[in-house]
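Let's take a guided walk through a protein chain, with the viewer open beside the text. Please load the structure and keep it at hand as you read.

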Amino acid sequence: MEARLRRYFAAAVTVAAVGLLVQSQGPSAESQQERRQSPEPGAESQQQRPERPVPSAQSQQAAAQQQAPPMDHSMHKMGSVDPMAWRMPPMGDMPMMPGLDDEVPPVDPWLPGAGMDPSMFPEARPNGIIDAEDGERIELAASLVRRTLDGRTYVMYGYNGQYPGPMIRAPRGSTVIVDFANRIDLPTTVHWHGLRLDNRFDGVPGLTQAPVAPGESFRYELHFRDSGVYWYHPHMREDIQQDLGLYGNLMVSPPEPDYYSPVNREEVLILDDVLIDDAGLMPYGADSPTHTLMGRFGNVMLVNGTTDYRLTVRRGEVVRFYLTNVANTRTFNVTFGGARVKVVASDVSKFEREQWVDSVVIAPAERYVVEARFDDPGEVPIENTIQAINHFRGEFYPHVDHLGTVVVGDERAAEDHGDAFDTLRTNEDVVTDIDAYRPHFDREPDHRLELVLRTENLPLPIVRSMEFEKGLYVPPMEWNDTMPMMNWLATGKQVSWVLRDPETGLENMDIHWQFRLGDVVKIRIFNDPTTIHPMNHPVHVHGQRYLVVSTDGVPNEHLVWKDTAIVPVASTVDMLVDMSNPGDWMLHCHIAEHLHAGMMMKFSVSER
Ligand SMILES: [Cu+2]
């Protein structure tokens, strides 16, 4: 993987995305308010919405495009700016594209709790841990919460009133029952990301269950088959619900005491971002997502839901960090100052062999487990370190987002784990497990997918710009929002992201591959750089595990079981999927706005 990481990062250095400077703001609130009138009030009041009937059975695509209800905007005016009105997104240091000044997305703006006093909602609490034993029953409820970020108050979502949701910790091999209640104002489900669990509890609306309507509940049974760090989130309007705080970790404890190396402490870091301007949270599209070209990049970085993550350690301590990226679209390149860092595990297993890294590239929905040693007293920044590009000036520049701080004290660590830290382990259990799959590595693929984009009815300046850029810039990774205005204006009504099966010509939810339990299936995914505005896609496979066996024909020498992996622009990625869990499952892009712009398909695994 080191080679992969280095390649991505090198790519970022040479041709990366344009930076979005956090501190910059859009034009004055007044001028926006004049230009952008909010649409007429919706027919229903906020108070009526929980009783809004929700279809019990819908097609997946209909469910994915589940409409958010209209709002009574007249009740929500605060000061001179209506926080519910469309207004230009924060532009960072990007200039305005001519001809787009008066454009707004062709959907109604939507936010939760509009027209309601934020003080009506309980302040979200920091997340706790639910330690669950085999057979235990726990409760989980999604609800509206009040959140305070940098001294400002927002109405957002939380699980069990917490932000992030509680970490559910359970031993490997156990089964835990979760009684879930939906107390938000949208239909929802819970997807247990990365678990090879019973198909009935996978949380996909229209495929494995009906949407859970506001006020209703659903009982999930989680089976923890693999050790490691996983997470849970809604599988409906993820661009809204997940972005507003509906996410939490699952920690599956290994029974082996030496499964990981000894460390001084373990820390769980959930990486996220959220898009906020002077008037508050940027509204979401009511019946279709905005930002469907590149996904909704935030301008406020969050670690465990806060902007001021700090960890205090002693000199010489080794810390094991469990990283999860829950952002809608941002891929992070995480650095730990000058501390030495090694990568030990990812989504569904440890690596065959540990390795030293300078940084960790983590795409939406991926997890990495890394260990870092802090030798010198002082402050060590945790940062998202990227190289950005200014398209308009043709300039590249380094860009750093501050994520948090590790404060290293003068006092020596109580226990010195330096020897274990200095040793790069080979995990024989993983090597032996993967051995059975090696004969499949070099054979021809069983299936192929091509990743492309289609657009219709976009404003002409956007079309012209994308045509102009075609072939000029083909960054393998988009690290930042290179064009906030164009991106914001493009909704799921104009943009279709496509998984295309070149063998049958079928696309997205028309694809339905059939497998049998025990099949080992090679899937070759090509991210077509000649499509208009190509982008990297983190591809997620539900209910199974897979190996990335090669990228662009180069064998991957750092194997690890994955459930989500990046397919960079212009790359061909070969995945070997272990069809180890029967049922009807999804394969999709984990950029929330791409998913809801169509980028998903299904496959079935039948019992032998
Ligand atoms: Cu995508």
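What follows goes from the whole chain to its sheets and then to its nonpolar core.

A word on ground rules: this is a predicted model, in which local features need pLDDT of at least 70 and side-chain atom pairs count only at pLDDT 80 or more, while totals for chains, interfaces and linings use all residues. Residues are numbered from 1 along each chain as its sequence is written.

The chain averages a pLDDT (the predictor's confidence in each residue, from 0 to 100) of 86, and 85% of the residues score at least 70. Residues 1-79 are another matter: pLDDT stays under 50 there, although the model has 184 contacts beyond four places in sequence for this stretch. A contact here means that the C-beta atoms of two residues, placed from the backbone, lie within 7 Å. Where pLDDT is low, the predicted coordinates should not be read in detail.

The chain has nine helices and 35 strands; both are DSSP runs numbered from the N terminus, with helices (H or I) of at least four residues and strands (E) of at least two. Of its 608 residues, 52% are buried, that is, 20 or more other C-beta atoms lie within 10 Å of their own, with C-beta atoms placed from the backbone. Among contacts with a separation of 6 or more, 83% join residues 24 or more positions apart.

Let's begin the sheets with an open one of four strands, in the order β4-β3-β6-β8 and with mixed pairing; two strands pair if DSSP finds at least two bridges between them. Its edges are β4 (152-159) and β8 (217-223), each of which pairs on one side only. From one strand to the next, the twist averages 30°, taken between the N-to-C directions of lines fitted to C-alpha atoms, on a scale from 0 to 180 degrees.

Inside this sheet, β3 (residues 137-149) runs parallel to β6 (residues 175-183), with seven bridges between them. β3 pairs with β4 in the antiparallel sense over eight bridges. These two strands form a hairpin with two residues between them, and D150 in the turn has a positive phi of about 50°. L149 stands opposite R152 of β4.

A second open sheet has six strands in the order β26-β25-β28-β33-β30-β31, again with mixed pairing. At its edges, β26 (495-500) and β31 (554-555) each have a single partner strand, so one side of each is left without a neighbour in the sheet. β30 (residues 545-551) and β33 (residues 572-578) pair in the antiparallel sense over six bridges, and T551 has V573 of β33 as its bridge partner.

V360 is one of the residues with the most contacts inside the largest nonpolar core, a set of 151 residues. Such a core joins buried Ala, Val, Leu, Ile, Met, Phe, Trp, Tyr and Cys residues through C-beta atoms within 7 Å. This core draws at least three residues from each of domain 1 (262-427) and domain 2 (438-606), with bounds that come from an automatic or database domain assignment.

Technical notes: Buried ≥ 20, exposed ≤ 12 C-beta atoms within 10 Å, placed from the backbone.
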